[in-house]
Amino acid sequence: MADSKKCVQCGKCLEVCPLFKATGREELTPRAKFFLESLATGKEVSEKDFKMLASLCLSCGRCEKNCPQNMSGPELVSKLRAGSKKITRSCWDLWLKNPGQLWPMAAAFSRFLPEFLPEPFGSSRKRMQALFSASPEPWAKLYPQVKFEKRKAMLFKGCVARFARQDWTDKAEQLMDSMGLVRAEGGEFCCCGSSYGSAGLLDRQADSRAENIEVWKDAGCPLLITFCASCLKGLQEYSLEDFAGDKEMYDHWQSSLTPLSSLLLDAEVRILADSPEQVAYHRPCHAPEDDTDGQLVNLIAEDCMLPVQGDVCCGFGGIMQLGAPELSKEVGESCLSRLTEPMEPGGQIVSGCSACVIQLVTLVKDDYFAAHWLDILK
C-alpha cells in the first residue's frame, strides 16, 4: 500500500468520493484519512480518529483510480481494521462467518418477530424482507447461441445467491446449459474473500481464496462463470502469491473468469408483456471497464434505456452497513435520486452487482422497482 505520507493533499479523490458527493463533508474523504493516518503514525489513535479512519469508507476504489500517487483509501482502512479489535469488525466477522445460518434466521425474524431482531440484524430488517421477497414478474426472454461443445464450467454464485436468491442460480445455470456448457462436478465455492479483506480479516480472506482455488483445481480448472460484478472483482484480485507462485495456474485462473453477461451479448431477445417504459442501469463501482452487464441490459431494454449515470455509488460497500448505516443510507438515497430523476413512476432500476441490488431494493420507493438483470429474465 502507498505510504500515507506521500499524499500531496491535491484533492483529486474528492472529485470521485461518493461520501463527499453525497454529504459535502470533507472529513470523510480519502484525503482526510491519509492526513490523519500520517499524523497518527507511531502514536495511539483516538477512538474518534479511528472511527473516521477505519469505519467511514465504502471501499469503492474510485480514489485510487483518480489519485496521481495511486494511493488507495480502501487499502488504508483494510490495513487499519486488520490491526484492530473494534466492535464493528467483530460484528462484520460474525455476519460473514455464518451467513448460511444467520441470513435465513434474520429473514424469518424480520417477518415474524421484527421487534426482537438483535443487532446487527435490526438495522437490516427492511433489507432482509426485501431480499427474501418473491421475485418480480420477468418481462424478457433470452435465446442464447449454442457456442460451446461440452466445455466444462462452474458457476460462482456468490454469497447472496447461495443463501438468499437461489432463483438467480437457477436462471444462470439454465442460460449456461442453453449455450452448451457442461457443469463441472466439484465442491462448493465460499465467499470470494473481498468482504473479508474490506473488513480487515486478512487471514480469513487468504483462507477463502485458498479454498476457492482448491475447489476450482479439483474440478479440472474449468471456465468460471460469475453474475456479480463485486464477486468478479474479488476473484480477479487473487494474486500470484495465492497460487504459491505458479504463474501458469494464476494466468489460467484469470483467463477462466467470465461474466455470464459477456456470453449473452449475441443472444436473441424477446420482450414479453408488461415491460417497463423506462429502465435505468446502475453501474456498480466494481464493474469492469467493458461492463458487459450494462451492455446486456442495454441490449434487452433498447429504446427504454435511460442515459447511464456512471459516477454514482449505492452506498453499500465496506462495513458501513454496520458501522454507519445512516451514512450508507444517505449515499444510497443520493444515488437513487440521480437514477430516478428522469424516470416516470413504474420505471425499473437494474444492476449487475448483488450488493448494489440489496441496497437499491431496500431504499427504492414504491413508484419504482430495483432488480438484478437476472430478475427481468423469464
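User: Which residue is the bridge partner of Ile349 in β9?
Analyst: This is a predicted model, and in it the bridge partner of Ile349 is Ala370 of β9. The two strands concerned, β8 (residues 348-351) and β9, pair in the parallel sense over 4 bridges.

User: What order do the strands of that open sheet come in?
Analyst: The open sheet has 3 strands in the order β7-β8-β9, with parallel pairing. Its edge strands are β7 (279-282) and β9 (369-372), each of which pairs on one side only, and the twist from one strand to the next averages 25°.

User: And which strands does helix α18 lie across?
Analyst: Helix α18 (residues 354-363) lies across β7, β8 and β9, and runs at about 165° to β9. Helix α17 (residues 325-340), for its part, lies across β7 and β8, running at about 140° to β7.

User: Switching to β4: which residues point one way and which the other?
Analyst: In strand β4 (residues 223-226), Leu223 and Ile225 point one way while Leu224 and Thr226 point the other way, and all of them are buried.

User: What stands opposite Ile225 in β5?
Analyst: That is Thr258; β4 and strand β5 (residues 257-259) run parallel and are joined by 3 bridges. Ile225 also has Leu155 standing opposite, and strand β2 (residues 152-156) pairs with β4 in the parallel sense over 4 bridges.

User: Now Arg209. Buried or exposed, and why?
Analyst: Arg209, which is found in helix α12 (residues 202-218), counts as buried because its relative accessibility is 11%, and the cut-off for buried is under 20%.

User: What joins the side chains of Arg209 and Asp242?
Analyst: A polar contact of 3.0 Å joins those two side chains. Leaving aside residues up to four places away in sequence, Arg209 touches Cys192, Glu237, Tyr238 and Ser239 as well as Asp242.

User: Last one, α10: how far apart are its end C-alpha atoms, and what span should it have?
Analyst: The end C-alpha atoms of helix α10 (residues 166-178) are 19 Å apart; with 13 residues at 1.5 Å a residue the helix should span 18 Å, so the two values agree.

User: Which of the α10 residues are buried?
Analyst: The buried residues of α10 are Trp168, Thr169, Lys171, Ala172, Glu173, Leu175 and Met176.

Note on methods:
Residues numbered from 1 in each chain as written. Predicted model: local features only at pLDDT ≥ 70, side-chain atom pairs only at ≥ 80, totals over all residues. Heavy atoms only, no water. Expected span 1.5 Å × (residues − 1). Buried < 20%, exposed > 50% of the residue type's maximum accessible area, 1.4 Å probe, protein only. Polar contact = N/O pair within 3.5 Å; in protein donor to acceptor, adjacent residues only side chain to side chain. Contact = heavy atoms within 4.5 Å. Pairing = 2+ DSSP bridges. Axes fitted to C-alpha atoms, helices over the stretch in contact; angles between N-to-C directions.
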